[in-house]
Amino acid sequence: MAGVMEKSVDVVIVGAGVAGLVAARDLIRSGTDVLVLEARDRVGGRLLNGQLPGGAPIEVGGQWVGPTQHNAMKLIRELGLRTYPTYGEGEHIGEFGTSRCRYTGRIPKLNPLVLADIGQTQYRLDRIARQVAATDPWRAPHAEELDRQTFDTWLRRTARTTGGRDFFRLVTEAVFSTEPEDMSALWAAFYVGAAGGLDPLINVTGGAQQDRVVGGTQRIALELAEELGDRVLLEAPVTDIDWQPTATTGVRVTTRSGLTVRARRAVVAVPPPLAARIRFTPGLPGDRDQLVQRMPTGRVIKVNVAYEEPFWRHAGLSGQANSTHRPLGTVLDNTPHDGSCGVLVGFLEGRHADAGSRMDPGERRAQVIHDLVGYFGPLARDPLAYIERDWAEEEYSRGCYGAFAVPGTLTRFGPALRRPVGPLHWAGTETATRWAGYIDGAAESGHRVADEILPKLS
């Protein structure tokens, strides 16, 4: 397209993450002329591979898939990719309050009263989540009551011990990369219900962290883009969408470089905070605009630390560790498929990412290594490589893992989340009904929006 400053297609898609690429693939297979515009110099959105010493790929963005994520697993199979399990043999490390334990299985060795409190709180959360996920969340029983309060308020009313509340704060940071007081209790219930319960969200074996993609998870997007060929245009950030230019053309999309794309329909497949930065003419309906103003993105700094070998395995450890007081609250074994070195991946999430982003790089690295030594001993002190990614600093992400709704958002403006506006359609993992926030949810949204559009083109 060198030198071409105007193009006409049936459908223009903004964003070459999994959602946009899946939508494009479905539409093209149905004979639709499509162009995907991507602001970055790469595809994948919040999926990104880095490189370890020796050249093996390592995921610095989203990476895991699980057995109940049927859209993602089907897509992986269709693209000819393979998965392999996250390492989980041996004992896990848990630091909860002032106690530290090594344990196997799902349940750490905690005070029996705290364990009972965690169990009854999870039971109530899962029960509410099933009700919320059974319909649009704003239509669920007690939706107004849940949406009036933060998840922190709900937890303080439900969990009866300090240890129980601390546990669910850690879970909130690990799953949402934000704090319980930031998020609507209705959004939390919807998100848990969309995954089939809390266990599928937090478990490795049988859960959302069970499997990785051989070659790095960004390969999903790379293979999709390879299939789409020159229908994907990189380094084309969209600045303006005129969605009623004339009765015949439908949409006119303009990029920063001045390229104009005319189309009958447009798909906006970027996170809500980024969609809010596009200038729409005429302005979007108030409900849609108010919605995206109330859906911030979580904050996470992901860190992969590489060693000559996975030394923790020799000590009978799985590499999985959690702490309610360390900034690096969640750690897993992230050793590559080829076993060329050992890797621990850890996360600074929510308030810990806030604090970490204000440190200079050397200070932040020292904090991460300090926590790894605290978990796994002095052999963690001298890594081969330290690879970090602060997703809030990414111009075209501005955070991870996904956006969430603050109190009052879903019951007031939730129907605008997926509802088309004239020729405009909305995709992205936040719009999914199952596994929202995950690769699976992104794929679901791509399929949905293609199904919405095809009847409109006939």
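**View 1. The largest nonpolar core of the predicted model, with 48 residues.** Val 132, Trp 154, Trp 187, Tyr 191 and Leu 201 touch the most other members of this core. A nonpolar core is a set of buried Ala, Val, Leu, Ile, Met, Phe, Trp, Tyr and Cys residues joined through side-chain atoms within 4.5 Å; buried means under 20% relative accessible area, exposed over 50% and partly exposed in between, with a 1.4 Å probe and protein chains only. Helix H7 (185-194) gives the most to this core, with nine residues. The model is predicted, so local features need pLDDT of at least 70 and side-chain atom pairs pLDDT 80 or more, whereas totals for chains, interfaces and linings use all residues. Residues are numbered from 1 along each chain as its sequence is written, and side-chain values use heavy atoms, without hydrogens and water.

**View 2. Surroundings of Trp 187.** Beyond neighbours within four places in sequence, Trp 187 is in contact (heavy atoms within 4.5 Å) with Phe 176, Met 295, Ala 403, Phe 404, Ala 405, Leu 410 and Glu 430.

**View 3. The open sheet of seven strands, in the order S7-S6-S15-S16-S17-S14-S18.** Pairing is mixed; two strands pair if DSSP finds at least two bridges between them. Helices (H or I, at least four residues) and strands (E, at least two) are DSSP runs, numbered from the N terminus. Strands S7 (99-103) and S18 (385-390) form the edges, each pairing on one side only.

**View 4. Strands S16 (328-333) and S17 (342-349), antiparallel and joined by five bridges.** Val 331 has Gly 346 in S17 as its bridge partner.
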